[in-house]
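I opened this model to look through its fold piece by piece and to keep notes as I went. The entries below follow the order in which I looked things up.

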Amino acid sequence: MAEQTILIAEDDADIRDGVRILLAGEGYRILEAENGPKALKLFSSEVDLVILDVMMPGMSGLRVCEELRKISTVPILFLTAKSQESDKLLGLTAGGDDYLAKPFSFAELSARVKALLRRYCVYQGKAKPGAAPAAKRLCAHGVQLELDCNRVWVDGREVNLTETEYKILRLLMQNPQRIFPVQTLYELVWNEPYYYVSNGTVMVHIRNLRTKIEEDPQSPRRICTVWGKGYHFANGGEDDHE
């Protein structure tokens with residue numbers, strides 16, 4: 001596989017150097033930025049993962065994330081000294097995919113990085129550049145989803161989903177008759193043990209996804225809630241596989 005590129009945006013030089021040394025030692029190509037504007041300047045389609053410090057002077061990591069989400073679905077991992085659940089939800093609401101509170105171990109950072117890159121390569125199709133994708137898609141209720149890459153159309157208009165949003169939508173559309181409890185959804189999508197605080201993580205991503213694929217996110221007709229049980233994709237006669 002081609003060398004994968006990681007952009008690190010962190011104003012603390014010691015932390016930035018440590019992360020760079022450790023990840024470069026694992027074979028990743030590293031780009032460094034000490035602030036938000038430089039991170040946006042360095043970003044390109046060649047970047048496979050962005051690691052963002054939340055509390056940077058001038059332009060916060062949250063703002064950088066929002067700007068990146070206007071142009072890319074690249075996975076974003078937040079690093080921050082804050083560990084409260086409310087701060088984590090702020091990062092996820094801005095478009096982040098994962099969150100790691102300082103201080104963290106390199107083993108934990110490495111595991112998060114590998115998991116995000118693995119999902120991104122699979123769902124974006126980046127692991128096989130130049131390969132002709134199979135024409136496989138799910139079609140239901142005005143939504144068309146490519147099964148082999150992160151591309152989704154709603155009523156004929158392509159929408160940009162993060163890899164986590166795409167994975168949620170794909171799981172729901174592949175099982176339209178099934179109601180997924182929050183715990184099951186979290187464990188299947190995030191591939192890690194569920195804790196009660198994970199409810200908020202799932203809710204934020206469902207809300208973000210609904211804003212992108214629903215005509216009226218306040219009255220969703222595609223991603224439906226079954227109160228007390230979980231979520232499912234609207235089923236009916238439209239469901240089809242191409």
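**Entry 1: the parallel sheet.** In what order do the 5 strands of the open sheet lie? I am working from a predicted model, and in it I read the order as E2-E1-E3-E4-E5, with parallel pairing. Strand E2 (29–33) and strand E5 (98–101) stand at the edges, and because each has a single partner strand, one side of each is left without a neighbour in the sheet. From one strand to the next, I noted a twist that averages 20°.

I then looked at one pair in detail: strand E1 (residues 5–9) and strand E3 (residues 49–53) are joined in the parallel sense by 4 bridges, and Ile 8 has Ile 51 in E3 as its bridge partner. Helix H1 (residues 13–24) packs on this sheet, where it touches E1, E2 and E3, and its direction makes about 170° with that of E2. Helix H3 (residues 61–69) also packs on the sheet, touching E3 and strand E4 (76–80), with its direction at about 175° to that of E4.

**Entry 2: helix H1.** I checked the length of H1 against expectation: at 1.5 Å a residue, its 12 residues should span 16 Å, and the end C-alpha atoms are 16 Å apart, which agrees. Which residues of H1 are buried? I listed Arg 16, Val 19 and Leu 23, and they cover an arc of only 70° around the axis, which puts them on the same side of H1. At the start of the helix, I found a side-chain oxygen of Asp 12 within 2.9 Å of the backbone nitrogen of Asp 14.

Entry 3: Is Glu 165 buried or exposed? With a relative accessible area of 3%, Glu 165 is buried, because the cut-off for that class is under 20%. Glu 165 is found in helix H6 (residues 163–174), and a polar atom of its side chain lies 3.0 Å from the backbone nitrogen of Thr 162. Leaving aside residues up to four places away in sequence, I recorded that Glu 165 touches Asn 160, His 205, Asn 208, Leu 209 and Lys 212.

Thr 162 itself lies in the loop between E9 and H6, and at 2% relative accessibility Thr 162 counts as buried. With the residues up to four places away in sequence again left out, Thr 162 touches Arg 69, Thr 73, Gly 95, Asp 97, Asn 150 and Lys 212. I also looked up Tyr 120, which is 42 residues from Thr 162 along the chain, and the C-alpha atoms of the two are separated by 9.2 Å.

**Entry 4: backbone exceptions.** I kept in mind that most residues other than glycine have a negative phi, and that most peptide bonds are trans. Which residues does a cis peptide bond join? I found Lys 102 and Pro 103 joined in this way, with omega about -5°, and Pro 103 lies in the loop between E5 and helix H5 (106–124).

His 141 has a positive phi of about 50° although it is not a glycine, and I placed His 141 in the loop between strand E6 (137–140) and strand E7 (143–146). Asp 155 has a positive phi near 50°, and Asp 155 is found in the loop between strand E8 (152–154) and strand E9 (157–159).

**Entry 5: the hairpin of E10 and E11.** Strand E10 (residues 223–226) and E11 run antiparallel and are joined by 4 bridges, with Thr 225 opposite Tyr 231 in E11. The two strands form a hairpin with 3 residues between them, and Gly 228 in the turn has a positive phi of about 85°.

**Entry 6: the whole chain.** Among contacts between residues at least 6 apart in sequence, 58% join residues at least 24 apart.

Technical notes. Residues numbered from 1 in each chain as written. Predicted model: local features only at pLDDT ≥ 70, side-chain atom pairs only at ≥ 80, totals over all residues. Heavy atoms only, no water. Pairing = 2+ DSSP bridges. Axes fitted to C-alpha atoms, helices over the stretch in contact; angles between N-to-C directions. Contact = heavy atoms within 4.5 Å. Expected span 1.5 Å × (residues − 1). Buried < 20%, exposed > 50% of the residue type's maximum accessible area, 1.4 Å probe, protein only. Arc of directions from axis to C-beta. Polar contact = N/O pair within 3.5 Å; in protein donor to acceptor, adjacent residues only side chain to side chain.
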